[in-house]
2 protein chains.
Amino acid sequence: MPNPDANVPLGVFDSGVGGLSVLRELRKRLPHEDFLYLGDSGRAPYGGRDLATVLDFAEQCVDLLFAEGCRLVIVACHTVSSVALRHLQQTRAGEGRRILGVTIPAAEQAVTLTKGHIGFLGTRRTVASHTFGTEVAKLDAKVRVTEVAAPLLAPIVEEGWEEGEIAKLAVEQYLAELKGVDTLVLGCTHYPLLRGVIEQVLPPEVQLLDPAPYVSDRLVDWLGRHPGFAGPQPEGRLRVLSSGDTSRFSRNAARFLGTEPPPVEHVAELGGRLVFSPEGSEPVGQFMRQPER
Amino acid sequence: MPNPDANVPLGVFDSGVGGLSVLRELRKRLPHEDFLYLGDSGRAPYGGRDLATVLDFAEQCVDLLFAEGCRLVIVACHTVSSVALRHLQQTRAGEGRRILGVTIPAAEQAVTLTKGHIGFLGTRRTVASHTFGTEVAKLDAKVRVTEVAAPLLAPIVEEGWEEGEIAKLAVEQYLAELKGVDTLVLGCTHYPLLRGVIEQVLPPEVQLLDPAPYVSDRLVDWLGRHPGFAGPQPEGRLRVLSSGDTSRFSRNAARFLGTEPPPVEHVAELGGRLVFSPEGSEPVGQFMRQPER
């Protein structure tokens with residue numbers, strides 16, 4: 001029997017550090033809740049992987065967050081939300097376990113704001129899925145959607161170059177494919193860091209939409225209608241887990257989270273599962289596999 | 001018993017399409033040999049993955065090439081050569097099976113050419129391993145080596161922007177960290193496509209070294225000393241396998257190979273192994289896992 005007084009953190013997961021830009025907005029709206037963030041940075045980016053493998057990874061991340069006491073998991077990653085959310089919901093969610101994504105909220109808000117033509121920037125995998133366009137069409141079939149893959153933007157942010165000339169040129173190149181849109185959706189958790197550069201390039205009449213604040217509003221609403229998925233005595237705490245190099249993750253995290261993260265805990269892939277592991281940084285030179293314990 | 005008259009292709013593997021730039025040089029020097037190329041693009045880039053996972057992937061790739069009749073596998077990928085070559089050689093090579101990498105040839109040639117200070121550009125993982133510097137030190141401890149991670153360069157080439165302003169600015173930024181070197185080693189199979197831009201930025205007195213032609217010379221020499229690892233009746237044929245989206249791989253391949261590739265065959269990850277699979281392109285929308293057959 002679970003302890004009814006035990007704290008229930010809200011789980012948030014992304015393929016890497018980017019989802020911390022979503023967590024930042026969630027914590028603004030829900031400052032008293034406890035959050036548990038998992039960045040699967042050891043296996044990021046998911047974009048180039050076989051779809052079956054993306055599903056495996058997403059399952060493992062969701063399972064780990066549930067095992068750590070979460071009852072609700074927010075899939076902050078647009079790529080995972082676009083291709084794997086339904087699978088996760090059908091195989092992992094149930095009476096006391098729910099999984100929410102970001103694609104439908106993003107589509108809802110964009111449809112509310114648009115005058116008729118929405119532009120969407122995302123990873124190659126997200127755009128290829130066409131899930132955002134499909135969700136918009138369900139809400140309003142008359143709205144036009146142009147989805148453009150911008151595979152260089154996340155690596156530019158990862159490199160810390162989001163304010164430079166390279167970022168500006170890349171944004172110009174991608175936005176040139178989005179002429180005529182009246183609303184632009186940032187369909188990747190890395191892109192809010194490019195807001196400054198995008199605002200320089202974007203015509204002033206185009207509305208720029210980071211879905212994270214609206215995702216947060218929707219979550220507040222959802223939690224009000226679904227008691228027991230957070231609380232009962234949260235203390236505004238945050239735990240952060242990463243499957244990659246924890247020191248690199250920590251260095252990167254503050255830019256996304258807007259504040260210093262707590263010490264990052266390391267989880268590693270072992271026999272197809274994510275497990276806690278003390279070893280968060282990597283050896284130098286040729287690597288020989290350790291015997292299985 | 002293997003058929004002694006059967007053709008023995010030379011196996012070449014890389015995490016993605018980049019190794020075709022090495023294959024191009026190998027085929028120039030060995031135009032009559034048969035080659036079998038495997039690009040593990042469905043799981044690329046390897047750079048961000050746990051080292052244990054990189055080892056798993058590399059093992060699977062080598063096993064597949066051996067299973068397809070190769071007796072020699074050339075690890076074209078600098079990342080894999082830097083961290084996993086020794087493991088592969090100790091666990092996969094033997095009497096009739098050999099595995100060669102690119103790091104030691106690159107170090108040999110750089111030491112021959114340098115006046116005392118070698119610069120090396122590579123992926124984050126390659127540079128973190130410091131394997132290139134270690135190999136140079138074994139050859140000549142007096143030579144200075146500066147290794148710089150250039151994580152944005154491969155994505156720029158993947159995007160097809162290797163001749164533009166973005167490429168030039170990124171190269172300038174990375175080369176600024178390599179002031180004072182007299183020789184620059186291109187330590188990633190994507191970088192030869194940036195040669196034009198690098199030559200614009202690099203001071204004229206610095207020698208630019210793509211290791212692939214020297215790797216090819218060393219291979220010709222090795223094959224002369226080790227009969228039976230290629231031939232016996234090669235016809236200059238080429239097969240190309242990819243674990244990712246085959247149509248995208250094909251579109252990208254010609255830029256690296258310098259000529260149109262043959263139809264790309266698809267292999268997929270199934271139960272932790274790479275197996276041939278007819279499905280080379282990806283479905284649209286939410287993806288539900290098929291029941292295991």
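1. Axes here are lines fitted to C-alpha atoms, for helices over the stretch in contact, and the angles between N-to-C directions run from 0 to 180 degrees. On that basis, in what is a predicted model, H1(B) and helix H12 (residues 246-257) of chain B pack with their axes 7 Å apart and at an angle of about 45 degrees. Angles under 35 degrees would count as roughly parallel and those from 65 to 115 as roughly perpendicular, and H1(B) and H12(B) are therefore oblique to each other. The crossing in which H1(B) passes H12(B) is right-handed.

2. Which residues make the contact of H1(B) with H12(B)? On the side of H1(B) they are Leu20(B), Ser21(B), Leu23(B) and Arg24(B), and on the side of H12(B) they are Ala253(B), Phe256(B) and Leu257(B). By class, the residues of this contact comprise 5 nonpolar, 1 polar and 1 charged.

3. The crossing of H5(B) and H7(B) is right-handed. From H5(B) the contact draws on Thr103(B), Ile104(B), Ala106(B), Ala107(B), Glu108(B), Ala110(B) and Val111(B), while H7(B) contributes Thr131(B), Phe132(B), Glu135(B), Val136(B) and Leu139(B). Sorted by class, the contact of H5(B) with H7(B) has 8 nonpolar, 2 polar and 2 charged residues.

4. The sheet of chain B is open and is formed by 7 strands in the order S4-S3-S1-S2-S9-S10-S11, with mixed pairing. Its edge strands are strand S4 (98-100) and strand S11 (273-276) of chain B, each of which pairs on one side only. From one strand to the next, the twist averages 25 degrees. Helix H1 (residues 20-29) of chain B packs on this sheet, where it touches strand S1 (10-14) and strand S2 (35-39) of chain B, and the direction of H1(B) makes about 170 degrees with that of S2(B).

5. For an example of pairing in chain A, strand S1 (residues 10-14) and strand S2 (residues 35-39) run parallel and are joined by 5 bridges, and the bridge partner of Val12(A) in S2(A) is Tyr37(A).

6. Two cis peptide bonds deserve a check of the backbone. In chain A, the bond from Gly231(A) to Pro232(A) is cis, with omega near 5 degrees, and Pro232(A) is placed in the loop between helix H10 (212-225) and strand S9 (238-242) of chain A. In chain B, the bond from Gly231(B) to Pro232(B) is cis, with omega near 0 degrees, and Pro232(B) is placed in the loop between helix H11 (212-225) and strand S9 (238-242) of chain B.

7. Positive phi values should be noted as well. His130(A) has a positive phi of about 60 degrees although it is not a glycine, and it lies in the loop between helix H5 (124-129) and helix H6 (131-139) of chain A. His130(B) likewise has a positive phi of about 60 degrees without being a glycine, and its loop runs between helix H6 (124-129) and helix H7 (131-139) of chain B.

8. The contact between the chains takes 40 residues from chain B and 40 residues from chain A. On the side of chain B that touches chain A, the elements that each supply at least two residues are helix H2 (51-67), helix H4 (85-92), H6, H7, helix H8 (153-158), helix H9 (165-175) and strand S10 (265-270). The residues of that side of chain B divide into 19 nonpolar, 12 polar and 9 charged.

Key:
Residues numbered from 1 in each chain as written. Chains lettered and ligands numbered in written order. Predicted model: local features only at pLDDT ≥ 70, side-chain atom pairs only at ≥ 80, totals over all residues. Pairing = 2+ DSSP bridges. Helix = DSSP H or I, 4+ residues; strand = E, 2+ residues; numbered from the N terminus. Contact = placed C-beta atoms within 7 Å. Left-handed = near helix turned anticlockwise from the far one by under 90°. Nonpolar A, V, L, I, M, F, W, Y, C, P; charged D, E, K, R; others polar. Parallel < 35°, antiparallel > 145°, perpendicular 65-115°, else oblique.
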